[in-house]
There are 2 protein chains.
Amino acid sequence: MTAPEWIAVDWGTSHVRVWAMNGATILARRDSDQGMGRLHASEFEAALLTLLGDWLDTAPVPLPVVICGMAGARQGWHEAPYIPVPCEVPVHGVAVPTKDARLNVRILPGLSQAKPADVMRGEETQIGGFLASQADFDGVLCLPGTHTKWAHISAREVVSFRTFMTGEMFALLSQQSVLRFSTADGWDKAAFLDGVADGMGRPAGFAAELFSLRARDLLEDPPKGHARARLSGLLIGLELAGSRPYWLGQDVVVLSDDSLGQAYVAALDAQGAVVRSAATEGVTLAGLVTAFKAG
Amino acid sequence: MTAPEWIAVDWGTSHVRVWAMNGATILARRDSDQGMGRLHASEFEAALLTLLGDWLDTAPVPLPVVICGMAGARQGWHEAPYIPVPCEVPVHGVAVPTKDARLNVRILPGLSQAKPADVMRGEETQIGGFLASQADFDGVLCLPGTHTKWAHISAREVVSFRTFMTGEMFALLSQQSVLRFSTADGWDKAAFLDGVADGMGRPAGFAAELFSLRARDLLEDPPKGHARARLSGLLIGLELAGSRPYWLGQDVVVLSDDSLGQAYVAALDAQGAVVRSAATEGVTLAGLVTAFKAG
């Protein structure tokens, strides 16, 4: 392998991905489950060295390492304090002291918002990666996930953003609540869209509609996949009710092309929103490349 | 001990309680964690015999056993099919075949509602116990719990009811979601009532308000107990928004006097509802006594 010029790292709560880079070119990639949630502050450096392994043999000294994500949280490796919005996506990382002199580590900060109180770590780098190829974008980015983010972008700045715990609630309710008996698998798109309409149109009914999923399963024997899709629809519908100021009348890009991203596009489309999706593959790395080049 | 005349049983998902009874008098009480969730249909009889133990030595043969709760579910001991509302609280149980001829087991049915789809098992017996001492009650009963029930009672009948998964959502969000880092303990009543007002007044904002609990904890270092109480308030407020047709302008009795019941009373009181609480101690047993006497 060509000697790496620098290392890009996406250090999340449950996973870490590292890329050996030459400029914007990927030389090699490794990952592990040594996410922030598993490590004490003192253990990150060793975890990184293990992942780098033989890449260090040919690398320059010191080797630049640019990290985004939860490694910069207060309970992570080294705190990279939030930058308050409105602001451009941060490209200058916080220097992290290391015992191994071969490393030159920087962690990119996340973003914060005072009112309503909100934070992000990692998604700002995805936003930076998207803007790297669409610098003139003026509109709203939706980043579906465990904690879905909506961000209003204008003149290269993140103007405001809002986080919805929709993905985490879906996981908890479908896997650990009484609904798990009714939402095991399957997908019924009509039931999903009905759920979106009901969750958005009658958000007050949400907590009762949840239990009705179970009751209907006991009383009516609905088609397989109905309850799971309706649960997802109710949750995304409730989110669309709360995020309406973000998507109504805006140019919306859903930054995901997997099944969750497709669900958001379908839900927004059904509300008459102007929406398109963009592939996320490579967007985090593009953000890290931008930060590396900014030096 | 006096020989028991009959046995009362409250067989829930996670626990079972049995009482040796003489008429309406309690002779002895036992319980175990052999709830419905742990047992196959074939294992209930042995679990019951173990709990009865030496009570059987002096009991009449056959010994009447009256059961309420999840033992009557399809995946329980023996299905006691739901009775559709509107109806009086059922007092006639479904006979359960047993191998041991010393037992005469009956399981009380739960209630169902077609639209909106809903079910209850166990709470109907609490309602029956409440009505045993307040036969003329005309109003709304709120039964707080994992799955809080609201029931409209008129002329001794359950007219309609609705279930909200508020308690289960609170448990999942406060113990298993990212909010667990912010909602470990403590209680701030003002934060609870603010949460109720926000959850009820702006139900669409619910999913974003959840994440703000975490963000505020990271950004503002709020007083201890603030986030936990506000989470409970947001959930109960969302429930009050959805259950408004039940409590608005009605005579409401919260059938619980523990801390959860007190929270519901405080939340309803803050909305100007006419509300009082009643002790639940003995109310399930009173319902079982009513069923036993109805024979």
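**Chain A against chain B**

I looked up the contacts first: 42 residues of chain A touch 42 residues of chain B (contact means heavy atoms within 4.5 Å). This is a predicted model, where local features need pLDDT of at least 70 and side-chain atom pairs count only at pLDDT 80 or more, while totals for chains, interfaces and linings use all residues. Side-chain values use heavy atoms, with hydrogens and water left out; residues are numbered from 1 along each chain as its sequence is written, and chains are lettered from A and ligands numbered from 1 in the order in which they are written.

Next I checked the area. About 3,500 Å² is buried between chain A and chain B, with carbon and sulfur atoms giving 69% of it (buried area being the accessible area, 1.4 Å probe, that two parts lose on being put together, summed over both). On the chain A side, M165(A), F211(A) and L218(A) supply 17% of what chain A buries against chain B, more than any other three residues.

How many salt bridges does the rule find across the interface of chain A and chain B? I got zero (the rule wants a side-chain nitrogen of Lys or Arg within 4 Å of a carboxyl oxygen of Asp or Glu).

**Helix 4 on helix 4**

I then took helix 4 (residues 166–176) of chain A and helix 4 (residues 166–176) of chain B: their axes come within 11 Å and cross at roughly 115 degrees. Helices here are DSSP runs of H or I, at least four residues, and strands are runs of E, at least two, numbered from the N terminus. Axes are lines fitted to C-alpha atoms, for helices over the stretch in contact, with angles from 0 to 180 degrees between N-to-C directions.

From helix 4 of chain A, E168(A), M169(A), L172(A), L173(A) and Q176(A) meet E168(B), M169(B), L172(B), L173(B) and Q176(B) of helix 4 of chain B. I sorted the residues of this contact into six nonpolar, two polar and two charged (Ala, Val, Leu, Ile, Met, Phe, Trp, Tyr, Cys and Pro are nonpolar, Asp, Glu, Lys and Arg charged, the others, Gly among them, polar).

Most residues other than glycine have a negative phi, and most peptide bonds are trans, so I went looking for exceptions.

- V61(A) and P62(A) are joined by a cis peptide bond, omega about -5 degrees; P62(A) sits in the loop between helix 2 (55–58) and strand 4 (63–69) of chain A.
- K115(A) and P116(A) also have a cis peptide bond, omega about -10 degrees.
- R156(A), not a glycine, has a positive phi of about 70 degrees, and lies in the loop between strand 12 (148–154) and strand 13 (157–164) of chain A.
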